[in-house]
Amino acid sequence: MTVTPASFIKGAASLAAGMGVTIKSFFQPVVTSQYPREVLEITPRFRGHIKLLASPENPLENMCIACGICVRNCPSGSIKKVDGEKREGEKRKRATVYMLDFTTCSQCGICVESCPSKALGFSGDFNIAGFKRADFYFDLVKEFDKRKKAS
Amino acid sequence: MEQIVKIMDINLRFFDLEIVKIAVGLLAAFVFVVFNALILTWAERKVAGHMQLRIGPKEVGPYGLIQPLADALKLLGKEIITPRNVDKPIFYLGPIMIFIPVLVAFVVIPFDSFLQVKDINVGILVILAFSSFTVLAILMAGWGSNNKYSLIGAIRSIAQSVAYEIPLLLSLLAVVMMANSLSLKDVVEAQKGVWFVVLQPVAFVIYFISSVAETNRTPFDLPEAESELVAGYHTEYSGMMFALFFLAEYTNMFIVSAITVTFFLGGYQGPFLPGIVWFLLKSYFLVFVMMWFRWTFPRVRFDQLLNISWKALIPLAFLNLLVTGGLLKL
């Protein structure tokens, strides 16, 4: 490295420019969000664990027909058990149990894609935590049972 | 009655003793050092945060102000680990040695026209002589640790100090020539009319760059470059021994800024506000500039580091000294 007056001035100017950048950002508002205190809105494309979608006519009922295609298609075998019952006056079965083992799920979405009744979707649930594996075994129908009770 | 007078007389003489004055001054300096380091660690993290568009510490206390206290308590509570095969006396002396010269500098720094422990007529020499001890302490830490990263860090630190002490001294010498005194107070008094930064801009820039290098701060933080040397010379230190290095670094930042203020920015002089306020304002502004450097510039390479000093700063400092001398003779 040789220091010439020209290179010296050029270097000094670039240093000043860099300092200008940092001092500008010093006075700019922060871009981070303070997570536990403010939670950002989850984008609609976010892939959490899967959930059953409510039917457009009746938000208290899910659209799962307990056909079991998702169980057969799941590459990780994460959907353990889907069962349903046929109610009076209805053509198709309705799900009563939908067991998901989230510990092995990789959110690939094959179940969502292959569902013939479009009953599956991704939830925005991103901060689930637990101490045992059993904390991640979800019965997706329970969500609807809760809603029914609440109404 | 006679006895009381006698005792009071002894007491008065006791407080008149130079050694007692210095001891009280050192005690005050120690309190200041700890306080200064606590505030600066917080400030550095805040500055770093805002320069990267985030907020920095905020959980402990209002605006995270008690965070450094929590950190200090954590460090105090930690075990001091002594690795196998270290050179024990040197290993333990390192952090102590780095801390002592830091305290000495406070004896001669004039915080205000009346707030100075002792006005020594070779004040700046005292500071510079003692701050050179820092390098020795770093070498002791690096050598004693029996760790290759520590040793490389220490060696780098020495090469760096040798290179940067010369322009540092030369740029201060130019000011000393103009002020005609080595006493810090006289230097400040000589800036009654015009600050020396106006008369000696080149010396100011050289001094400030060298002082950043002397305190081992980015962009000259090669001795502790964490991305290549883990933590350099203090890799092996833990708990309070590490805290001492930390304390010394932040105090050195303040001392270096204080000297810059004393020599170039008119020291405690300024309108309206009392002298001490001006002094601290100016000093902490310079400390802020050093933090600003840290979060702006990438680390220089080692050959670049030495080149800047030997090829640019030292010739420039000599030239500046020559011109200053010539102009003063006229």
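A residue counts as buried when its relative accessible area is under 20%, as exposed when over 50%, and as partly exposed in between (1.4 Å probe, protein chains only). By that rule Ser161(B) is buried, since its relative accessible area is 9%. This is a predicted model, in which local features need pLDDT of at least 70, side-chain atom pairs count only at pLDDT 80 or more, and totals for chains, interfaces and linings use all residues. Residues are numbered from 1 along each chain as its sequence is written, chains are lettered from A and ligands numbered from 1 in the order in which they are written, and side-chain values use heavy atoms, with hydrogens and water left out.

Ser161(B) sits in helix H7 (residues 148–179) of chain B; helices (H or I, at least four residues) and strands (E, at least two) are DSSP runs, numbered from the N terminus. Contact here means heavy atoms within 4.5 Å. Setting aside neighbours within four places in sequence, Ser161(B) is in contact with Val135(B) and Glu214(B).

Glu214(B) leads on to helix H10, being one of its buried residues, along with Phe204(B), Tyr207(B) and others. In H10(B), 10 of the 14 residues are buried, so this helix is largely enclosed by the rest of the structure. Those buried residues pack against H7, helix H9 (196–199), H12, H13 and H14 of chain B.

Next up is Leu265(B), in the loop between helix H12 (239–264) and helix H13 (275–294) of chain B. Leu265(B) is buried too, with a relative accessible area of 15%. Not counting residues up to four places away in sequence, its contacts include Trp195(B), Lys282(B) and Leu286(B). Phe196(B) is 69 residues away along the chain, yet its C-alpha atom and that of Leu265(B) are separated by 6.6 Å.

Now for the meeting of the two chains. In chain B, 18 residues are in contact with 16 residues of chain A. A salt bridge (a side-chain nitrogen of Lys or Arg within 4 Å of a carboxyl oxygen of Asp or Glu) turns up with a count of 1 between the chains. Arg37(A) pairs with Glu59(B) in a salt bridge, with the closest N and O atoms 3.0 Å apart. On the side of chain B that touches chain A, helix H2 (18–51), H13 and helix H14 (302–329) each supply at least two residues. H14(B) gives the most, with 4 residues.
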